[in-house]
Amino acid sequence: MSVRLLRSLAALPLLLILASCAGPRAVRYFPPASPQDVREALDAWGAAQERASRLPASRLLYDAHMSSRAMPSVSGTLAVSYDGQRVLSASLTGPFGSRIADYAEGWVKGQDQRAFVVDPDALRSVLAAVWPGAPGAVGGCDGGECLLIWETPYPVEAVLDVKARRLRSLRIRANGGDLAASYSGAIETWPQQIALKEARSGRSLKLDLLGVESGAAKPAPGR
């Protein structure tokens, strides 16, 4: 996932998860991690990655709530088709089935019909609450949660619940932008709830997993 990709997707609600955003964020302090903290955090992170690697081919349906400074919350749905390794297709619809954005074969098309290249691995990572590879450092631990840090190709931070072996949040910074995703609810397979925010435009997207249909991946409904 490149800096160019992050900037090119800023206008697409479906990909708020990849959008560049700006604005102040509360800074949480994590005391330095002990050697035991580091070992436990890396073990828990390995378990989280293992869970994500076992996700079967599935079709996912989310209840989606979109909002911005200019409009109140609007409900819709996000349908995703996953083949066991990457996202094949996705479709974000608004009230009464109005189309907002579609993803397929590495491309996203919005309402204006403009097409943008998308990294399916990045899309899968955010939906599954993981990030590729081992973190470069454990930045500290606080109350059973540890800060994981990746420095290349751009800074990424994740807050890991060590006991539950799951991410609580993910933060991506590139080219001066700052993207945040937070996770809540059950996470036996896919995270139950995902909250995405783009501060620059004031838009947000909250996803609540309604259902998972395991089996052969198919295009998202409506394609």
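Predicted model: local features only at pLDDT ≥ 70, side-chain atom pairs only at ≥ 80, totals over all residues.
Student: Is Asp-161 buried or exposed?
Tutor: Asp-161 belongs to strand β9, residues 156–161; strands are DSSP runs of E with at least two residues, helices are runs of H or I with at least four, and both are numbered from the N terminus. Buried means under 20% relative accessible area, exposed over 50%, and partly exposed in between, using a 1.4 Å probe and protein chains only. Since its relative accessibility is 12%, Asp-161 counts as buried.

Student: Which residue's backbone nitrogen lies 3.0 Å from a polar atom of the Asp-161 side chain?
Tutor: A polar contact is a pair of N or O atoms within 3.5 Å; within protein, one must be able to donate a hydrogen and the other to accept it, and residues adjacent in sequence count only if both atoms are side-chain atoms. The Asp-161 side chain reaches the backbone nitrogen of Lys-163 at 3.3 Å. At 3.0 Å, the backbone nitrogen belongs to Ala-164.

Student: Now helix α2: why are its buried residues on the same side, and what arc do they cover?
Tutor: The buried residues of α2 are Ala-41, Ala-44, Trp-45, Ala-48, Arg-51 and Ala-52. They sit on the same side of α2 because the arc around the axis, taken from the directions from the helix axis to the C-beta atoms, is only 115°.

Student: Which exposed residues does the face of α2 turned away from its buried side carry?
Tutor: Helix α2 runs over residues 35–53. On the face turned away from its buried side, the exposed residues are Pro-35, Arg-39 and Asp-43.

Student: What share of the 223 residues in the protein is buried?
Tutor: The secondary structure of the protein comes to three helices and 13 strands. Of the 223 residues, the buried share is 47%.

Student: What is the mean pLDDT of the protein?
Tutor: A pLDDT of 70 or more is reached by 74% of the residues. The mean is 79.

Terms used
Residues numbered from 1 in each chain as written. Heavy atoms only, no water. pLDDT = per-residue confidence, 0-100. Expected span 1.5 Å × (residues − 1).
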